[in-house]
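Work through the exercises below with the sequence and the structure open. Try each task before reading its solution.

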Amino acid sequence: MDKNQFLANFADQFDDTDASEITMSTEFHELDEWSSLTGMGVIALAKTEYGKAITGAELKACVTVEDVFNLINNK
């Protein structure tokens with residue numbers, strides 16, 4: 001799984017946040033736009049783009065975008 005492509009896909013889940021504001025070290029729960037709906041989008045992204053199932057609890061335990069990348073990559 002390519003980190004840059006994952007980062008672009010992750011940033012696409014946010015409509016109002018500029019993609020340049022989101023890096024692998026971004027604490028995504030702190031973004032103003034983060035919500036349960038965005039979280040569902042990330043869970044759907046993991047399934048559709050990468051064929052990996054992650055749970056809401058697993059996503060909630062992640063702090064940074066890189067944590068989400070590692071979660072999906074290690075499934």
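**Exercise 1: the surroundings of H29**

Task: List the residues in contact with H29, leaving aside its neighbours within four places in sequence.

Solution. Contact means heavy atoms within 4.5 Å. Leaving aside those neighbours, H29 is in contact with W34, L59, K60, C62 and V63. H29 itself is placed in the loop between α1 and α2. Helices are DSSP runs of H or I with at least four residues, strands are runs of E with at least two, and both are numbered from the N terminus.

The model is predicted, so local features need pLDDT of at least 70 and side-chain atom pairs count only at pLDDT 80 or more, while totals for chains, interfaces and linings use all residues. Residues are numbered from 1 along each chain as its sequence is written, and side-chain values use heavy atoms, with hydrogens and water left out.

Task: Is H29 buried, partly exposed or exposed?

Solution. Buried means under 20% relative accessible area, exposed means over 50%, and partly exposed is in between, with a 1.4 Å probe and protein chains only. H29 has 29% relative accessibility, so H29 counts as partly exposed.

**Exercise 2: two glutamates of the loop**

Task: Where is E27 found, and what does E27 touch beyond four places in sequence?

Solution. E27 is in the loop between α1 and α2. Its contacts, neighbours within four places left aside, are V63 and T64. E27 counts as partly exposed because its relative accessibility is 44%.

Task: Which residues does E33 touch, not counting residues up to four places away in sequence?

Solution. E33 also belongs to the loop between α1 and α2. With that exclusion, E33 touches F14, D15, D16, T17 and T38. From E33 to N4 the separation is 29 residues in sequence and 21 Å in space, C-alpha to C-alpha.

**Exercise 3: the nonpolar core**

Task: Which members of the largest nonpolar core touch the most other members?

Solution. A nonpolar core is a set of buried Ala, Val, Leu, Ile, Met, Phe, Trp, Tyr and Cys residues joined through side-chain atoms within 4.5 Å. The largest one has 23 residues, and F6, F10, I22, F28, V65 and V68 touch the most other members. Two or more residues of this core come from each of α1 (3-11), α2 (36-50) and α4 (65-73). Now look at F28: not counting residues up to four places away in sequence, F28 touches F10, W34, L59, C62, V63, T64, V65 and V68.

**Exercise 4: how α1 packs**

Task: At what angle do the axes of α1 and α4 cross?

Solution. Axes are lines fitted to C-alpha atoms, for helices over the stretch in contact, and angles run from 0 to 180 degrees between N-to-C directions. The axes of α1 and α4 cross at roughly 115° and come within 11 Å. That makes α1 roughly perpendicular to α4 (65 to 115 degrees; under 35 is roughly parallel, over 145 roughly antiparallel, the rest oblique). On the α1 side, K3, F6, L7 and F10 meet V65, E66, V68, F69 and I72 in α4.

Task: How is α1 placed against α2?

Solution. The two helices pack at an angle of about 135°, with axes 10 Å apart. This makes α1 oblique to α2. Q5, F6, N9 and F10 of α1 make the contact with V42, L45, E49 and Y50 of α2.
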